[in-house]
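Biologist: Before we go through this model together, could you show me how to read its features, taking the general idea before each case?

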There are 2 protein chains.
Amino acid sequence: MLKDICEKAVKAKYVMQALDTDTKNEALRACAKALRENSPALMVANAIDLENAVKKGMSSALIDRLKLTESRIDGMSEGLEQVAALPDPVGIVLDSWKTENGLEIEKVSVPLGVTGIIYESRPNVTADAFALTFKCGNPVILKGGSDAINSNKAVTDVIRKTLKDMGITEDAIALIESTDRETTKEFMKMKQYVDVLIPRGSAGLIASVVENSRIPVIETGAGNCHIYLDAAADKEKAVPIVINAKTQRLGVCNACESLVVHKDALESVFGPVADALKEASVEIRGDEEAQKVRDFIKPANEEDFYTEYLDRIISVKTVSSVEEAIEHINRCSTHHSEAVITEDAAAAEAFLNGIDSACVYYNASTRFTDGFEFGFGAEIGISTQKLHARGPMGLRELTSYKYRIRGNGQVRK
Amino acid sequence: MLKDICEKAVKAKYVMQALDTDTKNEALRACAKALRENSPALMVANAIDLENAVKKGMSSALIDRLKLTESRIDGMSEGLEQVAALPDPVGIVLDSWKTENGLEIEKVSVPLGVTGIIYESRPNVTADAFALTFKCGNPVILKGGSDAINSNKAVTDVIRKTLKDMGITEDAIALIESTDRETTKEFMKMKQYVDVLIPRGSAGLIASVVENSRIPVIETGAGNCHIYLDAAADKEKAVPIVINAKTQRLGVCNACESLVVHKDALESVFGPVADALKEASVEIRGDEEAQKVRDFIKPANEEDFYTEYLDRIISVKTVSSVEEAIEHINRCSTHHSEAVITEDAAAAEAFLNGIDSACVYYNASTRFTDGFEFGFGAEIGISTQKLHARGPMGLRELTSYKYRIRGNGQVRK
């Protein structure tokens, strides 16, 4: 069953790599239309998932994430149409040169291949992931959470039928319907068929995929993001940036989880920042020096500096120099996004160069680490590893390349 | 011990990412000089490995690979000097743009990070791997084979001492001296410290690393390479290209292992190719139609078409069209290098686009898949996966990137 899905995806890979841009865009728009037209059926399927969730005693926040409404289905369709409007990342000549013996070498972008996506409850990921992988010529094999199985199946069926009716392979998308853990583990061993695996979800899900997969994985999502308030920080910038990065959305990977404060900025900059955080009901956990600044600051332990709270809590570490700040952040960070607030250009450059993270900001909020904010027009996730892609992953990051070499009989000496 | 090596490499990573190009080049040249100066000591250490190899009854071919001579040590030093002369791949602004809200985004190349290399007997890999990773600002942790342990240790010690004397961190290179399998397995789990693992060696070694590693792996080396003799192939090109690709060097990954022949080219092109292969003492294993062409052609079974012989043997498959050739190759290949021999430009383009391999050739030998032949000036291996790097890997493929974003107080709406 799983093998069958994988074998069909490999066949689909060769069909899809030959699709032209217009055909792909037309198919994406047709799928968008079909999802809108089938929204009553999608909501019926979703209702079963919602009923099961209520029976299981799922929290109302999670039930809300699971729910499909007319407007959310419209949102999925709009997502597909937006991806159709983006430039095709495949078939671009990235580089070309001629060797001394006359070989003409061309480096050209190609689809990444069969893409596996393992994700949790939100059913809109099903349509999103399809849109991005399809546009890049990659068949996608989806393994969603058991909570959303009926919704995911309904969305997948609509897309498969649309592609089939258009004479394009329906195997451009497949859903693994079995929801037991053994199947997931088995899927992660399908290296022979699957070129890349992208987990989307909790830190636990991602760790499990890294542990069990034999397929190359792109890790996404863990964000213990820092903001460094330098000795030369301007509090007029520091206060709104920290409040934005910490509180604009709590549960996201680019939210700020820790402040690093130069000792000379403790009173002048961190003081007003702490007042604003308290105003926003954020609990502050600081080291000894930070605690002296305001009496409402609680003590932090070493573990706090490694914690991605995803909650109304922030840690504070005091340092004596930008070098010490860089050292602390490189040690504690998940290497996602960090920012420096300063009016000292030399300190800013030291920070921009010294920090080993995907995105390093100078006087701006860490919340901008996002494919849409970067102008990629789409996002499959934010990579926190260094291999293949780093930071926001758009369409280009779902491609590989190959070399086409044209000769006239050359042999190696 | 292993943890200690890994922790030191992480510290070295932050020192090395800040080294300027001149310092790195000077260090590489100093290491080259030191290896030459210490060649007597290196040969003494190597003699112990050679003695152990003889005791173990190692084949003379393997003993020859293991042997260090004055001229081979000079070759290692020249390798270091050549890498010093190459452009620095780190710190290059790969892309830059300004967003609507005024953020200036810069995508800049950075070192890949701590690089683990697991390899087999040849001690020159020790110096080669160091040169390439060092130039890119990456600390390298080497795990060589037990057969070359004394030679590897001697080479590593010379380099570490040189770096230390120059005031650069000696932990830019470390050798895991324990040669038991458990240590290797433990090393492959050091994901917290090591950013990428590159196995270099036999198919068995690579498979074991893929199976056991939790660190992202770049797979290299397996090459079941095909040459397709099209209906419109010119035999004046086909004969020398096939002979070159098959026989110029037998044991390499870019050697040709299989011919795919259009039925209309069986007599006119494959016939003379078969004669030339026989002349070169290559055993030909063909399908039924191929066997009819010459009486010295032996029967091939299905397994032959999946086999990388690395020997004086070649398989032959007959097809009826370029499409069938593409389908056969995509199914049986390791996706390393394939070639089409034809005078029909349309067939050539179909092949160049349809074949899903790292390097696809049109009227040229597969033997050109090589970092030096491509003009990269260096090579750490040939990637057969699609993630991160594909085909010959030079210095650029040992880098990642990060985003530097400069603002003036921007927060996300």
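Modeller: Let us begin with the interface of the two chains. This is a predicted model, in which local features need pLDDT of at least 70 and side-chain atom pairs count only at pLDDT 80 or more, while totals for chains, interfaces and linings use all residues. Residues are numbered from 1 along each chain as its sequence is written, and chains are lettered from A and ligands numbered from 1 in the order in which they are written.

Biologist: How many residues of chain A are in contact with chain B?

Modeller: The size of an interface is often given as the accessible area lost when the parts come together. Here we count residues instead, taking two as in contact if their C-beta atoms, placed from the backbone, lie within 7 Å; by that count 54 residues of chain A touch 54 residues of chain B. On the chain A side, α9 (203-212), α10 (235-247), β13 (359-364) and β16 (399-410) each supply at least two residues, and β16(A) gives the most, with 11 residues. These element names refer to DSSP runs numbered from the N terminus, helices being H or I of at least four residues and strands E of at least two.

Biologist: What is the make-up of that side by class?

Modeller: The side of chain A that touches chain B has 24 nonpolar, 18 polar and 12 charged residues, where Ala, Val, Leu, Ile, Met, Phe, Trp, Tyr, Cys and Pro count as nonpolar, Asp, Glu, Lys and Arg as charged, and the others, Gly among them, as polar.

Biologist: In which sense do β13(A) and β16 of chain B pair, parallel or antiparallel?

Modeller: Strands pair if DSSP finds at least two bridges between them; β13(A) and strand β16 (residues 399-410) of chain B do so in the parallel sense over 5 bridges, and R406(B) in β16(B) is the bridge partner of Y362(A). Both strands belong to an open sheet of 10 strands with mixed pairing, in the order β10(A)-β9(A)-β11(A)-β8(A)-β7(A)-β12(A)-β13(A)-β16(B)-β2(B)-β1(B).

Biologist: Which strands stand at the edges of this sheet?

Modeller: They are β10 (298-299) of chain A and β1 (93-98) of chain B, each with a single partner strand, so one side of each is left without a neighbour in the sheet. Helix α14 (residues 345-354) of chain A lies across β7, β12 (337-341) and β13 of chain A together with β16 of chain B, and runs at about 160° to β13(A).

Biologist: How should I read the packing of one helix on another?

Modeller: Two packed helices are described by the angle between their axes and the distance between the axes. The axes are lines fitted to C-alpha atoms, for helices over the stretch in contact, with angles from 0 to 180 degrees between N-to-C directions. Helix α2 (residues 21-37) of chain B packs against helix α5 (residues 70-85) of chain B at an angle of about 170°, their axes being 8 Å apart. The two helices are therefore roughly antiparallel, a label for angles over 145 degrees, whereas under 35 is roughly parallel, 65 to 115 roughly perpendicular and the rest oblique. Their contact comprises 9 nonpolar, 2 polar and 4 charged residues.

Biologist: At roughly what angle do α5(B) and α6 of chain B cross?

Modeller: The axes of α5(B) and helix α6 (residues 124-135) of chain B cross at roughly 10° and come within 9 Å, and the pair is therefore roughly parallel. Among the residues in contact are G75(B) and G79(B) of α5(B) and A127(B) and A131(B) of α6(B).
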